[in-house]
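Take a walk through this protein chain, one region at a time. Keep the structure in view as you read.

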Amino acid sequence: MSALGIRATAAGPRRTGRRLTVSVCRDERHFASLAAEWDDLFGRCSAATPFQTHAWLHSWWLSYGVPGRLRLVLVRAAADGRLVAAAPLWRTRARVPTVEFLGGALTDYGDVLADDDCPEAVPALADALARLARSTVLDLREVRPGAAAERLLAFWTGPRTRLPDSLCLELPPVRVEELVGRLPSARAQRARAKLRRIDREGVEARLVPADELPRALRRLLDLHRRQWAGRGVTAEHLTERFAAHLGRSVRAMAETGHAGVTEFLIGGEVVAADLTLLSPRLSGGYLYGADPLLRSLKVDVAALLLRNGARLAAEAGCGTLSLLRGDEPYKHHWRPSAARNQRLLLAARRTAPLLWLRAARAAGRCWAADRLRDRAWARRLRSWAGPGGRRDGTGARGAGSGAAPPPPGGRTTRRRATA
């Protein structure tokens, strides 16, 4: 290992034959030092989403990573050492030896970074990942259509399979008035009425300055907790490690224009807050919190958030307004298009049995989740639970009215209608 903490897959950085070198970084301190050149590469990868920024990935590692398991694959130009491709990976604790993207269940889109102007970078990265696959399976989750990771498949010679992953809904990045204009007349009338109601109640939007972000994020998480009290809040959102991750990542991302927190006020009091992540490829509202007072005022929080997200996406010139993962009914009110993320399982010939084992387990979990979502099964579960809806006696629904059970693997949807 060098003084900077780079450990190559061989005795030193390997030359690929394409004037590139490849190394695998396992050192956390070196990962921290990569911020500037990582984000420079981010700017040269048109497929990148906010979840591939150094700030997001490194902060996640500090909160959720395991020492000794980091596997950053770095491809550099041999002439000047410029970073031209990177795969943010770690070796997980799964029963089957597995390498996955950093970010885990908190990340809506997983991907590698590859310089658009360096066509040799992707085959070099694929070659490096193939060497990792000699002893493990690469399980690349939440790969968005058109992601840089999809290009790896053209150069992968070993066993591989592709499975469906989360469904994401998307809208064009235009102002909310244009989104309303896309709706059928009756639905458009209702949407305009909801927007007028927001204005009548005097709700004002304020983008939080960078120096106020730590306090604003604490308020957001408190509002999020209050909003979901007694209704099955995602437990991880209440933890200190999640709060620390958001605090670190959002502050750094806001400085580069990749994140923003909007607070909504009535009479000078904060009644809701919304965290939006942005990149040239897309923007999306990641997490929000709303005072239960808004329900009593009949303020439609989903409309409030969409108007804010559409404005930010249009102002930033993002290519897509993503509603991120989840197929909740309220999202369909706006006639979004569907984009299915993919799960790429890659292996070498010697690790092919591990790949098929993991693929079979994943398929079984999907089958079980589908059966739980089936209406007939839901009726049987309600009948089994008896009056009140749940065996715990609370009678409360787990995640909001009409919500489906969380997807397998602990991946939960953050954004649901509250009004």
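**Around Arg44**

Start at Arg44. Setting aside neighbours up to four places away in sequence, Arg44 touches Arg82, Leu83, Ala114, Asp115 and Asp116. This is a predicted model. Arg44 sits in the loop between α2 and α3. Is Arg44 buried or exposed? Its relative accessibility is 13%, so Arg44 counts as buried; the cut-off for that is under 20%.

The side chain of Asp40 makes a polar contact with the side chain of Arg44, at 2.9 Å. Asp115 and Arg44 form a salt bridge, with 2.3 Å between the closest N and O atoms. This pair joins distant parts of the chain, for Asp115 lies in the loop between β7 and α4, 71 residues apart from Arg44 in the loop between α2 (35–43) and α3 (54–64). Both partners are buried.

**Other salt bridges**

How many salt bridges does the structure hold? There are 27. Look at Arg19 and Glu120. Their side chains meet in a salt bridge, 3.8 Å from N to O. Arg19 is in the loop between β2 (14–15) and β3 (20–25), while Glu120 is in the loop between β7 (113–114) and α4 (121–132), so this bridge ties together parts that are 101 residues apart in sequence. Arg19 is exposed, at 65% relative accessibility. Glu120 is partly exposed, with a relative accessible area of 24%.

Now compare Arg29 and Asp27. A salt bridge joins their side chains, at 3.5 Å from N to O. Arg29 is exposed, with a relative accessible area of 68%. Asp27 is buried, with a relative accessible area of 12%. Elsewhere, salt bridges link Glu100, Asp139, Arg343 and Arg358 in a network.

**A buried glutamate**

Move on to Glu263. This residue lies in strand β11, which covers residues 259–266. Its relative accessible area is 1%, so Glu263 is buried. What does the side chain of Glu263 meet? It makes a polar contact of 2.7 Å with the side chain of Arg219.

The surroundings of Glu263 come from several parts of the sequence. Beyond residues up to four places away, Glu263 touches Glu204, Ala205, Arg206, Val208, Ala216, Arg219, Val270, Ala272 and Ala273. Take Arg206 from that list. Glu263 and Arg206 are 57 residues apart in sequence, yet their C-alpha atoms are 5.2 Å apart in space.

**The whole chain and its cores**

Step back now. The chain has 13 helices and 15 strands. Of its 419 residues, 51% are buried. The accessible surface comes to about 19000 Å², and carbon and sulfur atoms account for 51% of that area.

In soluble globular proteins, nonpolar side chains tend to be buried together. Here, the largest nonpolar core has 84 residues. Which residues have the most contacts inside it? They are Val73, Leu129 and Tyr286. Helix α4 gives the most to this core, with eight residues. Leu129 touches Val73, Ala87, Leu89, Leu138, Leu152 and Trp156, leaving aside its neighbours within four places in sequence. There is also a second, separate core of 34 residues, and Val176, Leu179, Ala188 and Leu304 are among its members.

**Helix α10**

Look at both ends of α10. Just after the helix, Gly317 takes a positive phi of about 70°.

Technical notes: Residues are numbered from 1 along each chain as its sequence is written. This is a predicted model: local features need pLDDT of at least 70, side-chain atom pairs count only at pLDDT 80 or more; totals for chains, interfaces and linings use all residues. Side-chain values use heavy atoms; hydrogens and water are left out. A salt bridge is a side-chain nitrogen of Lys or Arg within 4 Å of a carboxyl oxygen of Asp or Glu. Helices (H or I, at least four residues) and strands (E, at least two) are DSSP runs, numbered from the N terminus. Buried means under 20% relative accessible area, exposed over 50%, partly exposed in between (1.4 Å probe, protein chains only). Contact means heavy atoms within 4.5 Å. A polar contact is a pair of N or O atoms within 3.5 Å; within protein, one must be able to donate a hydrogen and the other to accept it, and residues adjacent in sequence count only if both atoms are side-chain atoms. Accessible areas come from the Shrake-Rupley method with a 1.4 Å probe; for residues, only the protein chains shown count as cover. A nonpolar core is a set of buried Ala, Val, Leu, Ile, Met, Phe, Trp, Tyr and Cys residues joined through side-chain atoms within 4.5 Å.
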